[in-house]
Structures are given as structure tokens and as C-alpha cells.
Amino acid sequence: MDYVSSPNLRNTLLVNGFWRSGTTWLQQTLVDAMDAKSLFEPFSPAAGHQWDQLGRPVSEASRNVYMPLSDNCLTPRDRIKLHLALRGVGTHGYTHFLRHSGNRAWSRALVVKFTQLGFVLDEVADTHHVPIIHIRRNPAAIYASFKETDWSWRFEDVRFKQTYSLQDFTKGTAEYERADTLLRFDKSPVHRLAALWSLSERAAQQSIISGKAHLVRYEDIVGQGPGILNRLNISSVNIASNDTASPVTNSGRETLTVTERLNDWKKRLTRSEIDCIKSVSKDLFPDNGYFQALPSPLGEDRSKIG
């Protein structure tokens with residue numbers, strides 16, 4: 001049915017953000033407001049996607065958080081699947097995760113969610129000309145959420161050495177520098193999450209600055225309500241300020257107050273975990289908006305990693 005209905009599409013939005021940042025909730029909110037059909041995580045292994053780039057044994061966890069480090073890393077198969085997804089065509093039942101009404105299959109509006117595209121938003125915007133909404137959340141809160149997530153895989157089992165090898169990249173390219181950085185922080189779960197978040201968010205920030213993506217912060221939506229999405233002016237639909245939990249919200253968090261939702265990571269993480277996230281994020285993404293780096297006394301430029 002997706003193939004048949006795809007020519008009817010007139011309004012497509014792409015939702016992007018790091019895992020546990022509120023991407024599913026944001027997609028659901030937009031789908032309901034626009035009466036749109038959804039396409040959920042077409043590049044997820046659960047949706048049958050095979051990363052041809054991974055020619056070595058890879059754990060389920062590592063495969064799930066693999067991100068192409070630049071548009072040069074996208075294979076022809078990836079590009080075809082991306083094109084189909086942005087036309088509303090899902091190649092696996094998992095991509096229909098949020099679809100609850102058969103009538104929306106014929107909707108002229110589509111909201112697609114990809115978490116793995118943080119490094120290639122420029123390519124997506126230039127090639128497919130779709131509005132992109134990127135949602136950002138405090139990495140410490142993300143790590144705390146991951147520690148309590150009951151998925152079939154755990155971030156604790158991710159290993160960058162399984163997914164990235166410097167031999168696969170040309171020295172001096174953005175993808176080489178990013179892989180080199182990730183491998184340097186391939187030490188512990190908290191190091192890995194902080195590094196991948198920092199590098200992908202830094203790349204997304206470049207797309208936001210250039211006007212190819214729109215930024216919304218998880219903390220602003222929680223604090224002010226989803227109605228603030230209307231300020232983005234990328235849809236003619238007025239979004240109501242309701243606050244319904246998404247299907248992947250961790251159990252027990254649906255009834256938390258705003259203050260608890262935004263700050264309880266401080267109680268759920270150890271001091272060493274918080275310090276590690278602060279240190280890595282300030283090092284790799286100084287303008288991260290959560291933990292600010294102090295100016296270098298020598299005026300050193302720390303912006304080499306894109």
C-alpha cells in the first residue's frame with residue numbers, strides 16, 4: 001500500500017535526534033497534529049536493514065547504534081532505502097510501529113524518524129529537500145535513560161572497534177577524523193555515549209546553523225509544552241500543548257513532574273559518570289548548550305573535528 005499511496009504525498013517532515021532524546025514522542029506528536037502517516041526507523045536492524053559497511057562480526061548493540069560518519073559512507077542500498085522512506089515506503093513491518101489508523105495510509109502528510117542520520121543531515125536536505133527537525137537532549141539525561149531502558153540490546157554492549165576501522169577511511173577526511181575520535185573514546189559505556197552524542201550533535205549543529213535543519217530542545221518542549229513547535233513555522237498545522245507519553249517512554253516516568261523529568265538524572269548517575277559526560281562533551285562539542293567549555297588560555301582552536 002505504501003508504494004501505491006506515495007504519489008499522494010505533499011508534505012514530508014524528517015525527525016532526527018540521538019536515541020532517548022524524545023524522537024519517538026516528537027514524531028507521534030507531529031503525526032497526530034498533521035493527521036499524517038508515519039515511517040519509523042527504516043535503518044534499524046529491527047526493520048531488516050543491513051549495513052553493508054559492517055563486514056566484520058558486530059554485536060546487536062553495536063549494529064543498532066552504527067551511524068554513517070558522512071555522506072561518503074552511505075552505500076547505494078542506503079540511498080535507495082532513504083529515498084523510499086522519504087516517499088513513505090516502508091520495506092518492513094517495523095517501520096509501521098506508530099501506525100494505528102488504516103486511514104492515515106492515504107494521508108498526504110508523512111513524518112519519518114531516523115536516529116542514525118546525525119552526520120548526514122546536509123546531504124539529506126540537499127538531495128531530498130525535506131524539512132528536518134532535530135531534537136537535542138542533555139547527554140547525561142540520555143545516559144540515565146539508557147541505563148533503565150528495557151530493550152533487546154544495551155548501550156553497555158556497544159563497541160566502536162566493531163563498527164569503525166581507520167582502514168576503511170581516507171586520512172584527512174571528516175569520516176576518518178570522526179572514526180579516530182570515537183575509537184579514542186572506546187573505553188567505557190559512558191565515554192562511548194558522550195563521544196558519539198558530542199560528535200553527531202556537533203555535525204547536526206552545522207546543519208542547523210546553515211539553515212538545513214531546525215533545532216528544538218527536549219528541555220524546552222517538556223518545560224513549555226509541544227505548542228512551542230509552532231514557532232518552527234514548517235507546517236501549517238497548529239500543534240496543541242498536550243503532553244502524552246510515547247510508546248517507548250520508560251515505565252514509571254509518565255507521572256513525573258517537569259522538574260523531575262529534567263533533573264532526576266543527577267540522582268540516577270554517579271559523580272564519575274556525570275564528570276565523564278561533562279568532560280567529553282566540553283572537549284568534543286564545546287558549544288553543546290549544557291556543559292560549557294572554558295576558553296583556552298592559549299587561544300587554542302578546538303574546532304577541527306566536524
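Which residue in S5 is the bridge partner of Arg136?

What we have here is a predicted model, in which local features need pLDDT of at least 70 and side-chain atom pairs count only at pLDDT 80 or more, while totals for chains, interfaces and linings use all residues. Residues are numbered from 1 along each chain as its sequence is written, and side-chain values use heavy atoms, with hydrogens and water left out.

The sheet is open and has five strands in the order S2-S3-S1-S4-S5, with parallel pairing, where two strands pair if DSSP finds at least two bridges between them; strands (E, at least two residues) and helices (H or I, at least four) are DSSP runs numbered from the N terminus. Strands S2 (37–40) and S5 (214–217) stand at the edges with a single partner strand each, so one side of each is left without a neighbour in the sheet. From one strand to the next, the twist averages 20°. S5 pairs with strand S4 (residues 132–136) in the parallel sense over four bridges, and the partner of Arg136 in S5 is Arg217.

Across S4 and S5 lies helix H9 (residues 189–209), running at about 140° to S4; axes are lines fitted to C-alpha atoms, for helices over the stretch in contact, and angles run from 0 to 180 degrees between N-to-C directions.

Just after H5, His129 takes a positive phi of about 55°.

Turning to the aromatic rings, a search of the whole structure finds 13 pairs, counted where ring centres of Phe, Tyr and Trp (its six-membered ring) lie within 6.5 Å, with planes under 30 degrees apart called stacked, over 60 edge-to-face and the rest tilted. Phe146 and Trp153 have their centres 5.9 Å apart and their planes at 55°, so this pair is tilted, and both residues are buried.

Conventions
Buried means under 20% relative accessible area, exposed over 50%, partly exposed in between (1.4 Å probe, protein chains only). Contact means heavy atoms within 4.5 Å.
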